[in-house]
Amino acid sequence: KAFYHLIRLSSHDPYTYQHSVGVGLNAIALGKRLRLAGEQDLMDLGISGLLHDIGKTRVDPKIINKPGPLDKVEWESMRQHSTWGYELLKDNHDVSQRAKLAVLHHHEEGAGGGYPHGLTESQISLFAKIITIADIFNALTTDRAYSKAKSPFEAFKLIQSAMMHKVDKTLFAELVMIYGGKLD
């Protein structure tokens, strides 16, 4: 049932499908780097990454692929995708609760400025924090309708200079290490 949603996403928006696969892979790599306890942890983390944007099946593809900035109404629709994703998965027994919460909370920020609930650092699960950094990194390193892909090094520099309020600093440092880098 969980993969049915992913297949729906592939026909609704091919970019988001490819992005979700990349997020899932980076999340598993980060989970392995963090030495998460077991195979089920990594499976749940991979499912979280694969399904993190599943709520975008309820967002008009014209909004998802708009080449310019979103207007207020479009942005409000886009911001609903994490809640819609959780709603699509909440009764699915094939997806763990921690994966469902990672889908719901992958746009939360430690200082409380994220969405949909404005959670703070201690309220955001490790899985959601991993999906957040994997999501941002993959989005920056992939061609999109409104921007060209950056190299991993360029993406890390941009995150470090302008997006650290969105990510867990320790997880960011670990992701940099996966790609063979070090922080200044």
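This is a short talk on the fold of one protein chain and a few of its side chains.

Hi everyone, and thanks for coming. Please keep in mind that we are looking at a predicted model.

Let's start with the overall fold. How many helices and strands does the chain have? The secondary structure comes to 10 helices and 0 strands.

Next, the dimensions. A compact globule of 184 residues would have a radius of gyration near 16 Å, and this chain has 15 Å, so the value agrees with that expectation. Along the principal axes, the C-alpha atoms fill a box of roughly 40 × 40 × 30 Å. Of the 184 residues, 47% count as buried. Now take the contacts with a separation of 6 or more: 62% of them are accounted for by residues 24 or more positions apart.

What about the outside? The accessible surface comes to about 9400 Å², and 56% of it belongs to carbon and sulfur atoms. As for charge, there are 22 positive and 21 negative side chains, and the centres of the two sets lie 2 Å apart.

Now let's zoom in on one residue. His105 lies in helix 7, which covers residues 97-105. Is His105 buried or exposed? Its relative accessibility is 10%, and buried means under 20%, so His105 counts as buried. Which residues touch it, leaving aside neighbours within four places in sequence? His105 is in contact with His117, Leu119, Ala128 and Thr132.

Last topic: aromatic rings. The count comes to 5 aromatic pairs. One of them joins Trp75 and Tyr115, edge-to-face, at 6.3 Å centre to centre with 80 degrees between the planes. Trp75 lies in helix 5 and Tyr115 in the loop between helix 7 and helix 8, so this pair ties together parts that are 40 residues apart in sequence. Trp75 is partly exposed at 38% relative accessibility, whereas Tyr115 is buried at 9%.

Another pair is Phe137 with Tyr179, which is tilted: 4.8 Å centre to centre and 55 degrees between the planes. Here Phe137 sits in helix 8 and Tyr179 in the segment after helix 10, so the pair links parts 42 residues apart in sequence. Phe137 is buried, with a relative accessible area of 2%, while Tyr179 is partly exposed at 39%. Both belong to a cluster, in which ring pairs link Phe137, Phe156, Phe172 and Tyr179.

Key
Residues numbered from 1 in each chain as written. Predicted model: local features only at pLDDT ≥ 70, side-chain atom pairs only at ≥ 80, totals over all residues. Heavy atoms only, no water. Helix = DSSP H or I, 4+ residues; strand = E, 2+ residues; numbered from the N terminus. Rg over C-alpha atoms; globule rule 2.2 N^0.38 Å. Buried < 20%, exposed > 50% of the residue type's maximum accessible area, 1.4 Å probe, protein only. Contact = heavy atoms within 4.5 Å. Areas by Shrake-Rupley, 256 points an atom, 1.4 Å probe, with all protein chains shown as cover. Lys, Arg positive; Asp, Glu negative; His and termini not counted. Charge placed at Lys NZ, Arg CZ, Asp CG, Glu CD. Phe/Tyr/Trp six-rings, centres within 6.5 Å; stacked < 30°, edge-to-face > 60°.
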